[in-house]
Amino acid sequence: MTKPLGTNRLLLVVACALVDADGRVLISQRPEGKALAGLWEFPGGKLEPGERPEESLIRELHEELGIEVEEPCLAPLTFASHSYEDFTLLMPLWICRRWKGTPHGREGQAVKWVLPRKLRDYPMPPADEPLIPMLIDMIPAR
């Protein structure tokens with residue numbers, strides 16, 4: 001049965017397209033035991049109470065990937081909205097080209113550097129897929 005419009009809760013999550021010197025974007029694989037396990041996504045996550053989106057993204061990038069990002073290095077790029085069965089997800093995407101440290105999966109997740117035009121080769125959650133064309137347009141092919 002279809003829910004009436006406006007009855008899904010809104011979930012705000014933040015995501016980042018880390019771009020390396022070769023124009024590749026970092027994606028990580030959702031680990032077993034999590035919703036949508038095995039799918040590839042842009043790193044990020046849910047906001048904690050009282051956090052600004054940028055603060056949340058900086059925290060999540062450190063927790064997930066072990067890197068340090070400064071707020072001026074985050075540039076808002078685009079956003080995606082997707083309605084799942086129980087909630088509507090709103091996901092702003094930032095782009096970042098400068099950070100300290102080497103990104104690695106601190107939570108057991110696999111990570112990969114992928115050229116934007118190859119991102120469609122990796123199965124992604126429905127909310128991440130609409131972000132791919134913007135990245136292809138924004139990051140020059142090498």
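A hairpin links β5 to β6, with three residues between the two strands. This is a predicted model.

**Strand β6 and its partners**

Strand β5 covers residues 74-83 and is antiparallel to β6, with nine bridges between them. One of the pairs is Pro76, whose bridge partner in β6 is Trp94. Strand β1, residues 9-18, also pairs with β6. Here the direction is parallel, and the bridges number eight. Leu11 faces Leu89 of β6 in this pairing.

How many of the ten residues of β6 are buried? Nine of the ten are, so the rest of the structure largely encloses this strand. The cut-off for buried is a relative accessible area under 20%.

**The open sheet**

Three strands make up an open sheet, ordered β3-β2-β7, and their pairing is antiparallel. Its edges are β3 (40-41) and β7 (111-114), each of which pairs on one side only. Among the bridged residues, Ile27 has Lys112 of β7 as its partner.

| Strand pair | Bridges | Direction |
|---|---|---|
| β1 and β6 | eight bridges | parallel |
| β5 and β6 | nine bridges | antiparallel |

**Two loop residues**

Glu107 sits in the loop that runs between β6 (87-96) and β7. The class takes in values between the 20% limit for buried and the 50% limit for exposed. Leaving aside residues up to four places away in sequence, Glu107 touches Lys34, Glu63 and Glu64. Glu63 is 44 residues from Glu107 along the chain, yet their C-alpha atoms are separated by 8.0 Å.

Leu36 belongs to another loop, the one between β2 and β3. With a relative accessibility of 39%, Leu36 counts as partly exposed.

**The whole chain**

Now the overall fold. The protein holds two helices and seven strands. Read from the N terminus, the order of elements is β-β-β-β-α-β-β-β-α. The radius of gyration is 15 Å, close to the 14 Å given by the globule rule for 142 residues, so the protein is as compact as a globular protein of that length. Along the principal axes, the C-alpha atoms fill a box of roughly 50 × 35 × 30 Å.

Which share of the contacts with a separation of 6 or more joins residues 24 or more positions apart? That share is 66%. The contact between Glu107 and Glu63 links residues 44 positions apart. Of the 142 residues, 41% count as buried.

The accessible surface comes to about 8000 Å². Carbon and sulfur atoms own 54% of that surface. The side chains include 17 positive and 21 negative ones. The centres of these two charge sets lie 4 Å apart.

Note on methods
Residues numbered from 1 in each chain as written. Predicted model: local features only at pLDDT ≥ 70, side-chain atom pairs only at ≥ 80, totals over all residues. Heavy atoms only, no water. Helix = DSSP H or I, 4+ residues; strand = E, 2+ residues; numbered from the N terminus. Rg over C-alpha atoms; globule rule 2.2 N^0.38 Å. Buried < 20%, exposed > 50% of the residue type's maximum accessible area, 1.4 Å probe, protein only. Contact = heavy atoms within 4.5 Å. Areas by Shrake-Rupley, 256 points an atom, 1.4 Å probe, with all protein chains shown as cover. Lys, Arg positive; Asp, Glu negative; His and termini not counted. Charge placed at Lys NZ, Arg CZ, Asp CG, Glu CD. Pairing = 2+ DSSP bridges.
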